[in-house]
Amino acid sequence: MKTILFAGAMALAATGATAQTGTPLGKLTLGTAGLSTAFGLSGQTVALSFSGSYGPVRGPGGERLDASTALSLGLGDPVSGVGLQFDVNLTSFRSFGASGNVSASIHKAFQVNTKGVYSVMLAAGNLGAWGDAEALPENASLIGSYMFGIGPHPAIVTLGATTALNANNDVEAIGSFGYSLNSDWAVSIGFAGDTPVIGATWQPGFLQGTPISVSISDIDDDTQRKLSIDIGRTFSLTGN
């Protein structure tokens with residue numbers, strides 16, 4: 001039984017990157033569709049994300065469509081101190097609310113030079129699981145990301161290790177590369193264990209900071225290939 005637990009709408013727009021890392025990157029969209037980075041939520045923020053997918057047959061009814069949602073809370077300051085993030089995840093819409101878990105992470109962003117910004121994150125997942133999610137063990141992840149520029153275009157590289165990809169808690173590598181094309185679009189490529197993931201993130205101005213990401217995992221395997229569409233929005237609790 002294999003699952004990618006890093007899916008979610010993820011875009012680092014200029015305003016979000018500035019608030020989170022203290023380093024403005026211009027009004028460009030940057031994301032890694034289908035895979036997380038080590039840049040967690042800034043303090044005093046709440047995020048809501050929704051994911052829909054079409055993939056391998058699952059469940060007794062042979063369904064291919066499924067969806068999940070998550071509510072996240074960011075605390076602390078990852079720039080001057082450390083950031084904390086807590087997530088409540090509903091892992092399937094086939095029976096809404098009947099399966100889910102809680103995850104938590106601590107992350108730190110820092111700048112070594114003028115060329116880019118680093119972040120490291122330690123996360124624990126599938127905590128307090130209920131429903132079908134109880135069949136999977138608790139897991140842990142350690143990842144690092146580096147956000148930098150390639151000419152006028154922001155880019156981000158992420159590497160790490162996780163036990164979240166299989167039911168045996170085996171340690172597997174994860175990684176991704178995201179590249180901003182312009183103010184609306186970013187593209188990305190990565191892997192989770194032996195699963196390749198490609199994707200794109202779209203964040204047009206009229207959506208006012210709401211990114212939409214499309215990713216395809218296991219593109220080389222007809223029996224396991226999955227298409228995912230993620231949408232997410234972050235809200236400041238301070239009104240700024």
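The model is predicted, so local features need pLDDT of at least 70 and side-chain atom pairs count only at pLDDT 80 or more, while totals for chains, interfaces and linings use all residues. Residues are numbered from 1 along each chain as its sequence is written, and side-chain values use heavy atoms, with hydrogens and water left out. The protein chain has one helix and 12 strands, where helices (H or I, at least four residues) and strands (E, at least two) are DSSP runs numbered from the N terminus.

**Overall fold**

- Read along the sequence, the chain follows the pattern α-β-β-β-β-β-β-β-β-β-β-β-β.
- Of the 240 residues in the protein chain, 43% are buried, a word that stands for under 20% relative accessible area, whereas exposed stands for over 50% and partly exposed for values in between (1.4 Å probe, protein chains only).
- Among contacts (heavy atoms within 4.5 Å) between residues at least 6 apart in sequence, 49% join residues at least 24 apart.

**Strand pairing**

- Strand β5 (residues 116–130) and strand β6 (residues 139–150) pair in the antiparallel sense over 10 bridges, and two strands are said to pair if DSSP finds at least two bridges between them.
- A123 stands opposite S141 in β6.
- Strand β6 is also joined by 10 bridges to strand β7 (residues 153–162), and these two run antiparallel, with L142 standing opposite A161 in β7.
- β6 and β7 form a hairpin with two residues between them, and G151 in the turn has a positive phi of about 65 degrees.

**Nonpolar cores**

- The largest nonpolar core has eight residues, namely L35, A38, M121, I143, L165, I174, A192 and V197; such a core is a set of buried Ala, Val, Leu, Ile, Met, Phe, Trp, Tyr and Cys residues joined through side-chain atoms within 4.5 Å.
- Not counting residues up to four places away in sequence, A38 touches H107, S119, V120, M121, I143, G144 and S145.
- A second, separate core has six residues, including F39, V117, M147 and I156.
- In soluble globular proteins, nonpolar side chains tend to be buried together.

**Surface**

- The protein chain exposes about 11,600 Å², of which carbon and sulfur atoms supply 63%; accessible areas come from the Shrake-Rupley method with a 1.4 Å probe, and for residues only the protein chains shown count as cover.
- A nonpolar patch on the surface is formed by L73, V82, L84, F86, I106, L122, L142 and L237, with about 660 Å² of accessible area together.
- Patches are made of residues with over 30% relative accessible area and no salt bridge, with like charges joined within 9 Å and nonpolar side chains (Val, Leu, Ile, Met, Phe, Trp, Tyr) within 5 Å.
- The count comes to one salt bridge, meaning a side-chain nitrogen of Lys or Arg within 4 Å of a carboxyl oxygen of Asp or Glu.
- In this salt bridge the side chains of D222 and R225 meet at 2.6 Å, N to O; D222 counts as exposed at 64% relative accessibility, and R225 counts as partly exposed at 33%.

**Individual residues**

- Q44, which lies in the loop between α1 (14–21) and β1 (45–58), has a positive phi of about 60 degrees although it is not a glycine, and Q44 is partly exposed with a relative accessible area of 39%.
- N126 in strand β5 is a residue other than glycine whose phi is positive and near 60 degrees, and N126 is buried, with a relative accessible area of 6%.
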